[in-house]
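Student: Could you take me through the aromatic pairs and what surrounds them, with the cut-offs stated as you go?

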Amino acid sequence: MSIGATAQQFSRFLLVGAFSAAVNVASRFLYNYYVSFESAVALGYFTGMVTAFILFRAFVFYPTSRSIESEFFRFAVVNAIAFTLVWTLSVGLARILFPAIGFDWYANDVAHLIGVAAPAISSFVGHRYYTFATTQ
């Protein structure tokens with residue numbers, strides 16, 4: 001794949017990823033009415049992850065010879081790694097750093113947005129070369 005094609009694919013990845021991140025954050029707001037912030041971050045992440053899988057498969061990456069189950073398993077592995085970063089940053093910022101520095105302007109929301117944005121590049125690499133890697 002040429003550099004231009006890779007750049008186009010990464011651009012599509014960022015657009016789809018941004019939409020999926022919005023689903024993640026919006027669903028976290030809804031979940032937060034019923035469960036703790038920490039649990040809502042996890043549930044929102046899963047909702048965004050399923051959205052991302054469907055859209056990445058349709059609009060960003062090329063079809064592989066693997067089954068959809070295999071692709072989803074691989075997608076979940078990459079996202080499990082990314083989730084540790086998202087959850088740690090979101091909760092760490094909201095519960096430890098922001099209170100320590102007196103930051104309280106939508107602290108949970110800002111922390112969650114930072115956490116969701118953090119793994120963009122590593123996730124692209126993981127999905128391109130592992131989840132949706134074409135076998136030849």
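Tutor: What follows is a close look at the aromatic rings. This is a predicted model, in which local features need pLDDT of at least 70 and side-chain atom pairs count only at pLDDT 80 or more, while totals for chains, interfaces and linings use all residues. Residues are numbered from 1 along each chain as its sequence is written, and side-chain values use heavy atoms, with hydrogens and water left out.

Rings of Phe, Tyr and Trp (its six-membered ring) pair if their centres lie within 6.5 Å, and planes under 30 degrees apart count as stacked, over 60 as edge-to-face and the rest as tilted; by this rule there are 16 aromatic pairs. Phe-53 and Phe-132 are stacked, because their ring centres lie 6.1 Å apart with the planes at 20 degrees. Since Phe-53 belongs to helix α2 and Phe-132 to the segment after α5, the pair ties together parts 79 residues apart in sequence (helices are DSSP runs of H or I with at least four residues, numbered from the N terminus). Both Phe-53 and Phe-132 are buried, where buried means under 20% relative accessible area, exposed over 50% and partly exposed in between, with a 1.4 Å probe and protein chains only.

Phe-98 and Phe-103 form a tilted pair, 4.6 Å centre to centre with 55 degrees between the planes; Phe-98 is buried at a relative accessible area of 7%, whereas Phe-103 is partly exposed at 28%. One aromatic cluster includes Phe-10, Phe-13, Phe-53, Phe-56 and Phe-132.

Note on methods. Helix = DSSP H or I, 4+ residues; strand = E, 2+ residues; numbered from the N terminus.
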